[in-house]
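Let's take a walk through this model together, one piece at a time. Keep the viewer open and follow along as we go.

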Amino acid sequence: MSIILKTTDLTKKYGNKVVVDNLNISIEKGEVFGLLGPNGAGKSTTMNMITGIVKPTLGGVEFMGEDFMKKRKSLMDKLGYIPQELAIHENLKAWENVELFTSLYGIKGSKLKQRIDESLEYVGLLDRRNDFAKTFSGGMKRRLNIACAIGHHPDLLVFDEPTVGIDPQSRNFILDKIKESNRKGATIIYTSHYMEEVEALCTKIAIMDNGKVIATGTSEELKKMVKDDISDITLEEVFLTMTGKKLRDY
Amino acid sequence: MIRYLIKNNIKLMTRSITNIVLFIVGPLMVIAILSNAFNDLLKKYENEEINAGYMIEDEAISEELLNAMITAASDNDINLEKYDDTDPEKTVRENDLCGFIVFSKDKNTFYENEDHMMSAKVLEYYVSAFFENVTVSVLGLDTSDIRIHTEHPSFTPEIEADDYYGIVEIVYFGWCAIVCGAGLLMSEKKHRIDKKYTVSNLSAIQLYLGKFLALSIVVGLSSLLTAVLSILLFGVHWGAPILSALILLLSASAAVAFGLLVYNVFDNLVVTIIAVFSIVWMAGFFGGAFETYMLSSYPESVKRISPIYHINRCLTELSCMGHSDYIDSALLYCVLITIICSALAVLADMIRRNRV
């Protein structure tokens, strides 16, 4: 498989504080890549640099074989970002939200209308297309958040904790949809604090701590790093063994 | 590409209906209060004949200049009569003059009659405006060839309080345009929509235009709607309707550009509203939004710094005289503010997003 995204010595400093330290990761096309780490490990900053929201202090990001910083504008429509925050306007209807965010990638006219319905149907909100987002439950807002990021058919989908604060049914629905997107060819980068989600979803996992990747591999490979017999160890135990049990109050 | 952004931004603003209603009702309420309060004052000023005296010490003013001033005063229905070696205060009392000017070598002393305060203020304004024009005319010219620019003869227009405050309050509220965008800006901030915009094909200029054009359309149309309501409710006369509408729209776009610049600098809606209100209040204060610009005693040079002064003066003169020397400066101010503030707002946004 070809590499879709690669970071080289990616570093972010805020003053003297190094938040991400010489990060080198490669994500292959069609992969579901999970990024785990305690609070303050540098996951969000990494995501923000990968998506171009934050400029790296040092190092670079190569996306689809191109320098992301230099070819940013032409590469953006190949990237879909689902932020942790519900990045939707509550005073807009569901279809208006999808229209607004899908149109940012140059899609217009009848194609835009078709993509709006397609995206809403994908997240199970087509029958609520004319309802204001403010009338939606938390789970529905999360689904709308996803619909707003997939209308332009991106090759790489970046999910930043997309299942925070929602009921099990909505979470299950979202995870199924992520799997479906991956089956259809999209590469996924996924961060979450829910280990069972990451284990069920991700084909490759990187564990970050103090701005560095401390381990990378499949779920089984990570477990083997901690214990030979992987049948009686969970990913959460692996995570705690590697990052420690000390509280991270940031 | 930004068509849909503009469309949805307009929807977001118009759905925060409270702001729009306040924006339309606010000026109408102020018009009602101020025009009622100042009605008698402006009427008094309209009807009074202006008679004043002057005295020259030590050849303080040349004969050409004096003649030019008397002619220009006469064109403006101000009678200036010369008195020699007199006590100004006594002369004012005995001859029932509204004021008296003593021209000295390095200063002019102005005496005002409290019984004719309105006329005295007009006279003071006239003398101040005259000397400013003289200063401009003298620069680079031979003093023997002084040509006095007196603008239009009716430099202090006779205007009804309803018309004056009907016009200036709509202009003033238009400059608080950022309030109309509060719904949109708050929603963007609360939901971190800026992150989504960053991860898109939108350039900083397109992102700015998406807000600027949407806000300009809403504020411009709200101002025009308020102007129509001012005609229907208070009978306000707007001169040269198409030109006045154009100036109102350009004023709205300048106000929006200014508001967005402040917002992009501070990145905080509350701070932005406080800063914009403070600056606009100052500009309105000197620009005739509260005390009429004709009667305020601030130097003309100070008033001219305020864009609101140029817009107010242009629109009120169009209303009562049908023409104005301030059309060009009002248009120029609006266009320049729009361009400069827009450029700075985009730059501020790029710096904040770490794009430069």
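In which helix is the place of M29(B)? Look at α2 of chain B, which covers residues 17–47: M29(B) is found there. Keep in mind that this is a predicted model. M29(B) counts as exposed, because its C-beta atom has 11 C-beta neighbours inside 10 Å, and a residue with 12 or fewer falls in that class. Now find E169(B): although 140 residues separate it from M29(B) along the chain, the two C-alpha atoms are 9.6 Å apart.

Let's step back to chain B as a whole. Chain B contains 14 helices and 4 strands, and 44% of its 356 residues count as buried. If you take the contacts in chain B between residues at least 6 apart in sequence, 77% of them join residues at least 24 apart.

Confidence in chain B is highest in helix α10(B), residues 241–266, at a mean of 96, and lowest in helix α5(B), residues 117–138, at 72. Over residues 140–155 of chain B, pLDDT stays under 50, and the model has 29 contacts for this stretch beyond four places in sequence. Where pLDDT is low, the predicted coordinates should not be read in detail. For the complex, the predictor gives an ipTM of 0.87 and a pTM of 0.79.

Next, turn to the place where the chains touch. Chain A puts 27 residues into the contact and chain B puts in 20. On the chain B side, α1 (3–15), α7 (182–190) and α8 (193–198) each supply at least two residues. The most comes from α1(B), with 6 residues. Sorted by class, the side of chain B that touches chain A has 8 polar, 7 nonpolar and 5 charged residues.

An α-helix has 3.6 residues a turn, so residues three or four places apart point the same way. After α9(A) comes G244(A), with a positive phi near 85°.

We finish with some strands of chain A. Strand β1(A), residues 3–14, pairs with strand β5(A), residues 58–63, in the antiparallel sense over 5 bridges. Within this pairing, L5(A) has F63(A) in β5(A) as its bridge partner. β5(A) also pairs with strand β6(A), residues 66–67, again in the antiparallel sense, over 2 bridges, and there E62(A) stands opposite D67(A). β5(A) and β6(A) form a hairpin with 2 residues between them, and in the turn M64(A) has a positive phi of about 55°.

Note on methods. Residues numbered from 1 in each chain as written. Chains lettered and ligands numbered in written order. Predicted model: local features only at pLDDT ≥ 70, side-chain atom pairs only at ≥ 80, totals over all residues. Contact = placed C-beta atoms within 7 Å. Nonpolar A, V, L, I, M, F, W, Y, C, P; charged D, E, K, R; others polar. pLDDT = per-residue confidence, 0-100. Pairing = 2+ DSSP bridges. Buried ≥ 20, exposed ≤ 12 C-beta atoms within 10 Å, placed from the backbone.
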